[in-house]
Amino acid sequence: MRVLLSMMLLASALPASAQVYKCLEGGRQVFSDTPCPQADSKMIDVRPAAGGPVNRSSEYWAEKERREKAAAEREEAELRREVERGVRQQAALAPKALSAQEQTQLIERAKKAVLYKLIDPESGRFRNVSALGNEVCGEVNGKNRLGGYTGFQVFWVQFSPEPDVWMGDILGASAARVCAKRIAAAASSN
């Protein structure tokens, strides 16, 4: 009885990912982490106190990772569609002309909003910035967490009345095209 109890205690102290085998040796039940030499050994499923499975298969983890990746892709696709809808709606609206002072103020507000989104706000470098209506388009470069510049990426800030900032991959190709058209339109009107 003591042997059986000590074996059960030993089996319960094994790590959660261990496999446990139940064997018959000389008419007694023995628990081991390796299969017994006889053909009568059986692998048993040891469960933690909470009752969940201890040893999940690699298929389980692969399926869980696949589901998480698919959910993230769906979320990103929905966000892109939302941005694209906003871009199309904004492109249809005719922008109002701004005075030079209003443009400068709007661009400065937009730069502050974009810098707020960067990892290292002090590293932000801007180029090709233009304001038209209540929107500001341009390109920004900033440092990543390792201290290196990431390269210029398009940004678009819409004020309604608070700034909405879209930049990088999330902005999408059609928004970048609209932004380029707005920059060109503003340049040709000056």
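Predicted model: local features only at pLDDT ≥ 70, side-chain atom pairs only at ≥ 80, totals over all residues.
Residues are numbered from 1 along each chain as its sequence is written, and side-chain values use heavy atoms, leaving out hydrogens and water.

Now show E6 and E7, which pair in the antiparallel sense over 5 bridges (pairing needs at least two DSSP bridges between two strands). A hairpin of 3 residues connects E6 to E7. Strands here are DSSP runs of at least two residues, helices (H or I) of at least four, numbered from the N terminus.

Next, select helix H3, residues 100-117. Its buried residues (under 20% relative accessible area; exposed is over 50%, partly exposed in between, with a 1.4 Å probe and protein chains only) are Gln103, Leu106, Ile107, Ala110, Ala113 and Val114. Seen down the axis of H3, they fall within an arc of 125° (taken from the directions from the axis to the C-beta atoms), so they line one face.

Finish with Phe155, which is buried at a relative accessible area of 0%, and Phe126, which is partly exposed at 22%. To end on a charge, pick Arg127: its charged end sits over the ring of Phe152, 3.9 Å from the centre (the rule asks for NZ of Lys or CZ of Arg within 6 Å of the ring centre and within 35 degrees of the ring normal).

Notes:
Expected span 1.5 Å × (residues − 1).
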